[in-house]
Amino acid sequence: MTNLFHQDVLTALISGGVIAGIPLLLAACGESISERSGVLNLGLEGMMIIGAYTGFVAAYYLHSTWLGFLGGAGGGVLACTVMIVLCVWLGLDQIVVGIAITLAGEGITSVLQGAQFGTTYPRLGATPTTSIPLLHKIPVIGPGLFEQNLLVYLGIIFAVFLTWFFRSTSVGLNLRAAGEKPEALDAAGVSVAATRSWAVLSTGALAGLGGGFLAIVGAGVFTPFMTQGQGYMAIVICMLGRGKPIWVALASLLFGISLSITTALQLAGIEISTDLINMLPFIAVMVALVLFGRRSYLPPALALPYIRGAR
Amino acid sequence: MTRPDQGSSRRDPAAAAPSARTAAVVELQGITKRFPGVLANDDISFDVRPGEVHSLLGENGAGKSTLMAILSGIQTPDSGEIRVDGTPVRIDSPRKALDLGIGTVYQHSTLIPALTVLENLMLGDSTGLRLDAAGARARLEEFGALLGVDVDPAARAADLALGRQQQVEIIKALWRGSRLLILDEPTSMLTPQAVEELYTVLGRLKADGLATIFITHKLHEAVSLGDRISVLRRGQMVGTLNADAVGSTPPDKLEEIVIEMMFGAAAADLSEVGELRVGGVEEADAAAPAGPARVLGEPLLELVGVAAPGVGTDPGIADVDLVVHEGEVVGVAGVDGNGQRALAEAISGQRRASGGEIRLFGAPVNRLSVLKREKLGLRYLTDDRIGEGIVGNLSIALNLFLKRIGQPPYWRYGSVRKRAIDARAEELCEQFDVRAPGVETRAGTLSGGNMQKVLLARELSFGSKVVIFHKPTYGLDLKTTLAVREMIRQMRDGKAALVISTDLDELLEVSDRIVVLSRGRLVGEVAPGPGAAEEIGGLMIGDVSLSLAGAESAA
């Protein structure tokens with residue numbers, strides 16, 4: 001049996017953790033945008049799986065990782081327009097619509113995958129990585145953190161950007177107001193529907209991008225139901241991070257590590273049932289909720305449709 | 001001194017003096033608005049000129065708020081014309097209203113509690129992507145100087161006293177250079193001191209040439225503040241008293257005229273209501289049947305050093321000593337959010353007291369459940385009618401029996417006896433004057449007044465002995481208010497009542513004595529009488545830093 005703390009094992013753990021964490025990070029940051037604006041987006045899982053499929057197809061046929069990412073984001077945007085029309089414009093129940101989007105997304109992508117590829121699961125080649133000079137030579141953490149796909153770095157930078165965006169821009173202030181007290185935003189002369197629509201739209205794009213990353217970089221293949229509840233995990237992460245992007249990013253990477261532990265353990269030659277290990281992330285979610293659930297913050301107007309003048 | 005960003009024409013002294021020749025800033029012509037089943041505004045014409053306060057007076061449901069909503073772009077009229085500076089306009093959104101220079105301070109706060117004062121002010125005022133915090137801070141200082149108030153821009157709105165919050169709301173309404181300020185029932189939540197301060201602020205704005213519409217249902221406010229007074233009744237404009245009439249008529253004569261306008265033929269019955277009088281608080285005391293000569297019965301409810309925890313932003317109580325005797329009505333005054341709910345729920349048993357002893361009929365009840373206290377005769381009339389008072393989807397009849405589920409003769413062998421319930425419910429509806437198609441009507445469809453009557457029927461019947469009334473007339477129309485206050489007074493007949501209210505006039509009218517709750521403690525006791533309002537007001541603020549000091553030093 002190889003030592004669990006062997007250098008290769010740790011490198012694989014960190015590297016795998018980052019790759020598994022980025023889809024969570026993107027989706028959870030997206031969720032924090034829409035939750036801040038008062039829309040509880042339970043369709044995140046569906047938007048991710050649709051993004052995974054469209055991203056994979058785009059990357060497969062166009063032979064480009066970046067066009068693949070674009071395809072993923074596009075798929076997510078497409079899926080979230082349903083939510084915008086039904087929940088933001090027509091004021092339907094966000095929870096019901098969100099679950100519907102998730103179920104529909106899982107079903108549609110499975111059907112499309114079957115129709116397109118039958119029972120074969122074509123793989124994509126390895127994706128290009130960008131090394132950060134000097135830093136990637138640090139033992140153990142170097143290859144894991146500083147020799148990754150460019151989108152990894154962009155994702156982390158985005159979380160920092162989002163913090164600034166919420167605090168210091170007028171659009172960020174509008175978003176917060178829409179989630180705290182939409183009637184106040186309306187009275188201030190800003191359209192609540194428009195604010196929330198843009199919020200949900202960017203959520204869809206980010207969730208789709210996350211799904212695309214999962215299929216293209218993480219797995220290199222699309223298989224039905226491949227998101228395995230990561231969308232829901234992202235919703236929990238967003239809640240625990242109190243909608244603060246930096247915390248959301250850190251929590252995403254930690255959850256990423258718990259997702260990638262299977263690979264590391266196999267590499268270390270430790271024989272545990274994979275079913276048991278696959279439960280780890282979900283146990284982590286429950287533990288985190290028990291430990292930190294009380295600290296979570298949800299905007300007062302979350303999941304409440306806004307209709308002007310209604311009391 | 002001029003409001004920031006105002007054109008030079010506003011400095012013209014002629015514009016500051018209201019006169020018939022001054023052109024109206026905003027003019028309404030034949031405004032009609034219909035809601036399903038209600039004609040809220042019926043052919044209303046109205047105007048307001050620079051440098052004047054135009055009071056708009058009327059009962060709840062007279063159509064004041066609808067008219068205001070039309071002016072601020074929340075509602076659009078079915079017919080009629082709005083002119084701003086003589087030009088017909090269509091105000092179809094709040095943004096449009098702001099662009100036209102109409103700023104509104106709504107009855108319900110539009111400040112966002114979790115945001116800072118500055119963030120609240122900057123909301124919707126963007127010219128670019130980045131927020132201009134420095135510019136906004138400077139602008140806030142200008143407004144502070146104009147209004148004579150000093151507001152901390154970094155304070156969270158939730159942490160400000162109500163009077164201060166309202167000042168921020170006024171600044172917010174003027175932020176984009178409004179020329180018309182609409183105030184919707186601005187004094188309903190304020191202490192007497194904060195009301196004084198509001199008057200000062202409005203005076204300064206008036207001198208600066210601002211046009212103000214002051215919406216209220218309190219006559220003495222409308223009379224003391226308004227240059228002109230208009231009265232709405234059942235959606236119609238009864239009439240407008242012009243500046244000359246208001247200026248030349250003595251206040252008590254004016255008051256009679258306006259009561260006549262508000263209530264028509266029914267005015268004579270209603271003129272006894274203290275709330276309607278000019279400075280009527282003292283006079284109302286004479287009407288109270290309470291007197292020191294009355295002999296009090298046994299203590300029914302006793303609180304000894306009672307403490308209870310707060311929930312969320314709602315504070316708890318500590319060291320509360322209070323006795324309510326048989327035949328006594330005790331009022332609890334205080335600014336909202338000073339522990340009223342904790343006090344009520346600690347007594348009712350919905351919140352466990354963390355210290356002290358609560359006694360009912362001399363025996364401690366700390367360990368008794370809500371149900372057991374209720375069986376002893378303790379009742380709690382909640383202030384949260386819709387939230388915890390009724391179940392909207394159930395019938396009136398079932399709502400009346402919500403607290404007797406499982407009890408004979410209305411339930412037998414675990415099943416409900418519908419006929420017994422309906423029969424008793426019909427009696428109760430009759431007795432408490434609940435206006436509804438029938439006892440089968442869903443309780444959620446009732447108006448606020450009828451809903452409150454259903455709750456009163458439930459809590460006052462079935463052997464009540466001690467009743468806690470929490471804001472019993474909040475948001476009710478005048479007739480229901482009078483009926484409810486009469487019910488409270490009847491508690492003197494062998495029962496006991498604790499009335500928790502933020503309406504000082506109400507407490508002075510119904511209570512034998514009034515204790516004052518501030519920051520979760522009882523800070524004093526006052527007997528109703530001349531000067532009681534001021535004394536209570538002083539106790540209410542206590543050490544809470546209200547904006548008064550800041551206003552005086554800046555002025």
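1. Domain bounds here come from an automatic or database domain assignment. On that basis chain B is divided into three parts: domain 1 (25-110 + 179-279), domain 2 (298-377 + 465-542) and domain 3 (384-463).

2. This is a predicted model; local features need pLDDT of at least 70, side-chain atom pairs count only at pLDDT 80 or more, and totals for chains, interfaces and linings use all residues. Residues are numbered from 1 along each chain as its sequence is written, while chains are lettered from A and ligands numbered from 1 in the order in which they are written.

3. Take the overall make-up of chain B. It holds 22 helices and 22 strands. Helices (H or I, at least four residues) and strands (E, at least two) are DSSP runs, numbered from the N terminus. Of the 555 residues in chain B, 48% are buried. A residue is buried if 20 or more other C-beta atoms lie within 10 Å of its own, exposed if 12 or fewer, and partly exposed in between; C-beta atoms are placed from the backbone.

4. Contacts come next. Two residues are in contact if their C-beta atoms, placed from the backbone, lie within 7 Å. Among contacts in chain B between residues at least 6 apart in sequence, 70% link residues at least 24 apart.

5. Now domains 2 and 3 of chain B. Their centres, taken over C-alpha atoms, are separated by 25 Å. Ten residues of domain 2 of chain B are in contact with nine residues of domain 3 of chain B. On the domain 2 side, helix α19 (residues 478-490) of chain B supplies the largest share, four residues. That side of domain 2 divides into five nonpolar, three polar and two charged residues. Ala, Val, Leu, Ile, Met, Phe, Trp, Tyr, Cys and Pro count as nonpolar, Asp, Glu, Lys and Arg as charged, and the others, Gly among them, as polar.

6. Look at the sheet in chain B. Six strands form an open sheet with mixed pairing, in the order β6-β7-β8-β3-β9-β10. β6 (102-105) and β10 (236-241) of chain B stand at the edges with a single partner strand each, so one side of each has no neighbour in the sheet. From one strand to the next the twist averages 20°. Two strands pair if DSSP finds at least two bridges between them.

7. One pairing in detail. Strands β3 (residues 53-57) and β9 (residues 228-233) of chain B run parallel and are joined by four bridges. Leu57(B) has Val231(B) as its bridge partner in β9(B).

8. Two helices lie across these strands. Helix α2 (residues 64-71) of chain B lies across β3, β6, β7 (180-184), β8 (211-216) and β9 of chain B, at about 145° to β7(B). Helix α7 (residues 192-207) of chain B lies across β3, β7 and β8 of chain B, at about 150° to β8(B). Axes are lines fitted to C-alpha atoms, for helices over the stretch in contact, and angles run from 0 to 180 degrees between N-to-C directions.

9. Where do the chains meet? The contact takes 20 residues from chain B and 19 residues from chain A. On the chain B side, α3 (94-99) and α4 (117-122) are the elements that give two or more residues. α3(B) gives the most, with three residues. The chain B side divides into 13 nonpolar, four polar and three charged residues.

10. Last, chain A. Its secondary structure comes to 13 helices and two strands. Of its 311 residues, 51% count as buried.
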